[in-house]
Structures are given as C-alpha cells and as structure tokens.
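Q: Please show me how the features of a protein model are read, with the general idea before each case.

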Amino acid sequence: MKKYFSNNIFALGLFSTLMMSSGCTKDFDELNTDPKGLTVDALDASNIGKLFSQTNYTVMSHSPVGTTPSIFQVTDALFPDYYAQYFATTQPRFPSDRHTIVGGWNDSAWRSTFEQSAPALRLLVEKTEELGFTKENAIAKVWEVFQFHRLTDYYGPVPYSEFGNGETSVAYDSQESIYKSFFPILDEAIAELQNGGTSIFGAEDLIYGGDISKWYKFANSLRLRLAMRIRFVEPALARAEAEKAITAGVIEDVADNAFVTTNPSTPNAYNVITAWGEFRMSASMESVLKGYDDPRTPKMYSPATNGDSPGDDDDFPYEGMLNGQSIAALEDGDLDFNNNTSDMAPEFMNDPSTPIAVLRAAEVYFLRAEGALIGWNMGGGTAKDYYEAGINASLEEWGTSNSDYATSTAVPAAVATNIPAMTDIPILFDETDPEKALEQIITQKWISLYPESREAWAELRRTGYPKLYSRLNSENTEVGVDDIMRRLTYPPIEFTTNGEAVEAAISSPELGGEKNGSTRLWWDKR
C-alpha cells in the first residue's frame with residue numbers, strides 16, 4: 001500500500017463526509033451518490049469551498065468533520081499542552097507529562113496530518129490552480145504553509161516536497177529547506193491577495209468568511225512568525241523577511257484575529273476532552289496569573305472545586321499543579337488533583353462553538369516587540385510600544401480590561417509555602433536590560449497564546465522562555481526534569497511503512513532528523 005495518497009481518493013472521501021455532516025447531502029447527491037466514486041472533476045466553484053472548510057477544521061482539530069475530535073487529545077493535549085505547561089495531567093496512565101513519548105499517540109499525531117488534512121489541502125491547491133481560481137489558490141497555499149510549519153516544528157525534517165508522489169518510499173526534506181521554501185510561496189500568494197476582494201469560499205471559509213484582505217494580513221503575519229522562528233539560525237534572512245512582512249501590512253486589530261469558527265458538528269476539541277477529567281491548570285500558569293492579578297484568569301480557567309490546594313494559604317481560587325507528578329501522587333486520593341486544582345474556563349468546557357485560535361493580533365505585536373528589541377524596523381515603534389500593544393490586544397481579545405496592567409510592577413507569585421515564584425519579572429517593561437525584556441515579551445506572549453500550545457512550545461524551545469517550573473519526574477533518559485522537550489521522535493508507523501526514508505532522515509547530517517527528544521531542531525540554536 002502506498003504510504004501517502006496521490007490519487008486523492010482519501011481526501012475526497014473526507015470531502016464527502018464534510019458535505020453530509022454539514023447538512024449538504026443534496027449537493028453531495030447531485031455530485032455522486034457513491035462517496036468512493038467522487039472524482040476530482042466533481043469539484044467546481046459550487047462546492048470547492050466545502051473542501052476548504054474541511055481543511056480549516058482538520059488542520060487545527062486533527063479530526064475528521066462530524067466525528068468526536070478525540071485525536072486532538074493525542075496531537076495537542078498529551079504533548080504540547082504539557083510541554084508548554086498550560087496544563088498538567090491528573091491521569092496516572094498518561095506518562096507524556098513525564099516526558100515519555102507514547103508511540104501509539106505519536107502515530108495518531110503523525111497520521112492526522114498525512115492521512116487527513118494534508119491530502120485534502122494538497123488537493124485544494126491543485127484543483128484551485130486547475131480551475132483558475134487564483135485568489136483561492138493563494139489562500140490555500142498560505143494555509144498549506146501554516147499546516148506544514150506546525151508539522152515540521154513538531155518533528156523537524158518531514159516528507160514535504162515529495163508528499164503525494166504515490167511511491168512506497170517518500171523522502172524527507174530538511175527543516176532548513178522546508179522553511180526556506182515557505183517564503184517564496186508566501187511571496188506569490190501575497191502578491192495575488194494584495195488587492196483584496198471576496199473569495200468564492202465565502203461563508204465556507206471558517207476563518208475569514210472569504211475576506212481576502214484579511215487573508216492578506218494573515219499571510220504577512222505568518223511570514224513574520226516564520227521569520228522570527230529562524231532568528232537565531234539565519235539572522236539576516238529572518239530580518240529581511242520580518243521587515244518585508246511589516247512593510248506589506250500585518251494584523252494590528254483584534255477584529256482581524258484568525259479563529260476557526262466551530263459548531264456542534266465541528267466543535268472546539270477542548271469542549272469534548274475537558275469532560276474526561278484528565279488535566280488541570282499548571283503551577284506555572286498559577287504563579288504568573290496569580291502574581292500579576294491577571295484579569296484574563298477567569299476566561300482561561302475555572303476556580304478549583306475545593307478551593308485552595310494542599311499547602312496553599314491564600315484566597316486565590318485558581319489552583320495549579322506541578323508538571324510531572326508521579327503515578328503514586330496521581331493515585332493518592334488525599335491529593336485529589338481534579339477537585340483541588342482548576343479546570344478550563346466554562347467557555348471551553350461547555351460551549352462547543354468556542355472558536356479555535358490560529359493567529360492573533362497580540363502575537364503579532366509581541367513579534368514586533370522582539371524585532372524592535374534587536375534593532376529591526378517593525379514599523380517605527382519601540383519594543384516597549386509593541387509590548388504594551390500586545391498586552392492590550394490580548395486583554396481586548398479576552399473581553400477584559402485593565403488600563404494599569406501593562407505598567408504594573410507586580411511579579412509572579414509563590415504557589416505554595418515551599419514552591420517559590422516561577423520567575424521574578426514584573427509586567428512593567430524593562431528598557432535597560434535586553435535579556436530581561438525578552439523574557440517579559442515571551443512570558444506575556446505565552447499567556448496570550450493560551451491555549452494554543454503548539455506555538456507556545458515552539459517559542460519556549462526557540463528562546464528558553466518563559467522560565468517554567470521543573471518537572472517533578474521524567475521517565476525519559478534523554479530529557480530530564482530540568483530540560484525542555486525539543487521535538488517529538490518519529491512515530492512507529494513510519495518505521496513500518498516508510499522505513500528506508502525515515503532511517504535516511506535520522507542518519508543524514510544534512511537532513512538533521514531526530515536522534516531523541518533532546519535533539520534540537522534546525523532553528524533551535526539559542
């Protein structure tokens with residue numbers, strides 16, 4: 001069996017599923033009553049938006065439309081959610097919070113891209129080009145860049161340029177070559193999108209409703225993110241691409257934030273997995289949010305059912321737990337982590353229509369703050385200007401306000417009598433110490449990215465910030481309690497179905513594939 005589809009049958013099967021689950025069975029019946037018989041030729045201006053809608057959801061949720069989004073648990077909740085320390089596990093059977101990479105979970109994380117979103121998105125790129133839908137083709141290419149940057153930031157080298165070739169062995173590309181291919185693709189897409197207008201995707205564009213001017217800003221903002229990602233390995237290229245993004249025009253208003261809209265048939269995955277009671281607020285988040293008296297706290301977490309956790313003597317009702325708890329501690333009924341620590345906020349727990357965060361104005365401002373800090377032209381403002389703008393954009397996005405927050409001298413707090421504060425940085429920006437300023441920028445970015453842990457984990461690896469608490473335990477001999485998990489290793493399924501290529505990726509100095517979870521990615525050079 002071929003490892004990666006080139007005939008688009010699987011992608012079209014998902015396309016069929018999308019139309020049926022979205023109440024579009026009439027359209028589907030007119031195309032073909034047999035899902036397996038649906039062909040590429042059946043896609044046209046009347047229905048191609050449904051395929052784009054599918055990719056909006058699957059790129060972010062990793063689950064087919066109309067199914068329980070449980071795959072999200074193994075792609076995000078059980079890995080980057082813990083690595084970024086937004087949450088810690090309360091489930092004794094989940095060793096990933098102790099740095100164990102469970103092979104079956106990793107298989108699902110890999111397959112969710114290569115068997116779901118990637119084939120559908122590649123088909124969308126090919127078909128919009130064939131039909132002459134130039135603006136839609138540009139949007140699809142931008143979205144494909146977004147998808148593959150998230151994947152390579154997970155694993156490093158991955159099958160990319162030869163994905164979909166139909167061969168039994170699909171070669172890997174180095175992360176360097178993947179990243180350097182992104183910028184020319186964005187050049188072409190941005191040139192096509194710059195005049196705005198409305199896409200034929202229309203309302204089936206779950207992110208911007210077909211608004212091309214917003215996709216234009218998104219593409220430039222994505223360029224800025226990718227440029228900053230390579231800052232420490234390719235500084236000249238990073239600066240050039242970042243300044244190009246600013247000149248063209250990035251997201252500046254929360255009204256242009258990129259979120260995937262959801263509904264009961266395409267829910268926010270947290271709405272499903274919170275009910276399983278397997279994770280709670282981390283101690284790192286408690287230390288920062290409590291110390292800063294952060295107004296976003298009730299929008300992110302719920303008060304702990306039983307109030308203060310053991311060893312805590314204050315009246316802050318939002319309680320976290322240290323990551324890497326032992327099996328014995330998690331099985332100790334007296335500790336009762338599920339009731340003594342905080343779950344997600346009600347919007348995530350109870351509302352399936354809570355949108356899924358993709359890329360927001362706050363992040364863009366923090367990227368600009370970092371660029372300005374090192375002398376890049378980020379639009380004429382100072383690092384302090386953009387830092388404060390990022391904070392205020394995040395407060396606005398979360399529906400909170402505090403005019404004094406950005407200039408507060410408050411610092412993170414201890415979370416128990418024997419657990420001191422995570423770090424000592426105030427919110428008030430330090431213009432005299434560049435390293436301290438960088439920590440402040442990334443710490444506030446970390447808060448604002450919640451709960452988008454993939455990006456938070458990438459920034460932790462790239463910069464070393466925020467200064468998270470050490471784990472209590474690690475079961476990984478290469479990644480200790482004080483270490484950052486640097487990448488996921490390649491999943492077992494690759495060694496079974498694409499063994500020659502994956503072994504070449506691991507052994508090749510040029511490709512720089514995985515050795516273990518402590519091996520840094522190409523851009524991880526700080």
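A: Arg-461 is placed over the face of Trp-457, at 3.6 Å from the ring centre. The model is a predicted one, in which local features need pLDDT of at least 70 and side-chain atom pairs count only at pLDDT 80 or more, while totals for chains, interfaces and linings use all residues. Residues are numbered from 1 along each chain as its sequence is written, and side-chain values use heavy atoms, with hydrogens and water left out.

Q: How many aromatic pairs does the structure hold?

A: A pair of aromatic rings is described by the distance of the centres and the angle of the planes. Rings of Phe, Tyr and Trp (its six-membered ring) pair if their centres lie within 6.5 Å; planes under 30 degrees apart count as stacked, over 60 as edge-to-face and the rest as tilted. The structure holds 45 such pairs. In one of them, the rings of Tyr-83 and Trp-457 have centres 4.8 Å apart and planes at 50 degrees, so this pair is tilted.

Q: Which parts of the chain does the pair of Tyr-83 and Trp-457 link?

A: Helices (H or I, at least four residues) and strands (E, at least two) are DSSP runs, numbered from the N terminus. The pair links distant parts of the chain: Tyr-83 belongs to helix α5 (residues 80–83) and Trp-457 to helix α20 (residues 453–463), 374 residues apart.

Q: Is Trp-457 buried or exposed?

A: Buried means under 20% relative accessible area, exposed over 50%, and partly exposed in between (1.4 Å probe, protein chains only). Trp-457 is buried, with a relative accessible area of 0%, and Tyr-83 also counts as buried, at 3%. Another tilted pair is formed by Phe-87 and Tyr-270, with 6.2 Å centre to centre and 50 degrees between the planes. Phe-87 lies in strand β1 (residues 87–89) and Tyr-270 in helix α11 (residues 269–273), so the pair ties together parts 183 residues apart in sequence. Both Phe-87 and Tyr-270 are buried.

Q: Which residues are the closest to the centre of the largest pocket?

A: Rolling a probe the size of a water molecule over the atoms shows where empty space is left. On a 1 Å grid over the protein atoms alone, a pocket is an open set of points where a 1.4 Å probe fits, with protein on both sides within 12 Å along at least five of seven lines; lining residues have an atom within 4 Å of a point. Grid points are joined across faces, edges and corners, and a volume is the space filled by probe spheres set on the points. The largest pocket has a volume of about 390 Å³. Of its 23 lining residues, the closest to the centre are Phe-348, Thr-354, Pro-355, Ala-357 and Pro-451.

Notes
A charge sits over a ring if NZ of Lys or CZ of Arg is within 6 Å of the ring centre and within 35 degrees of the ring normal.
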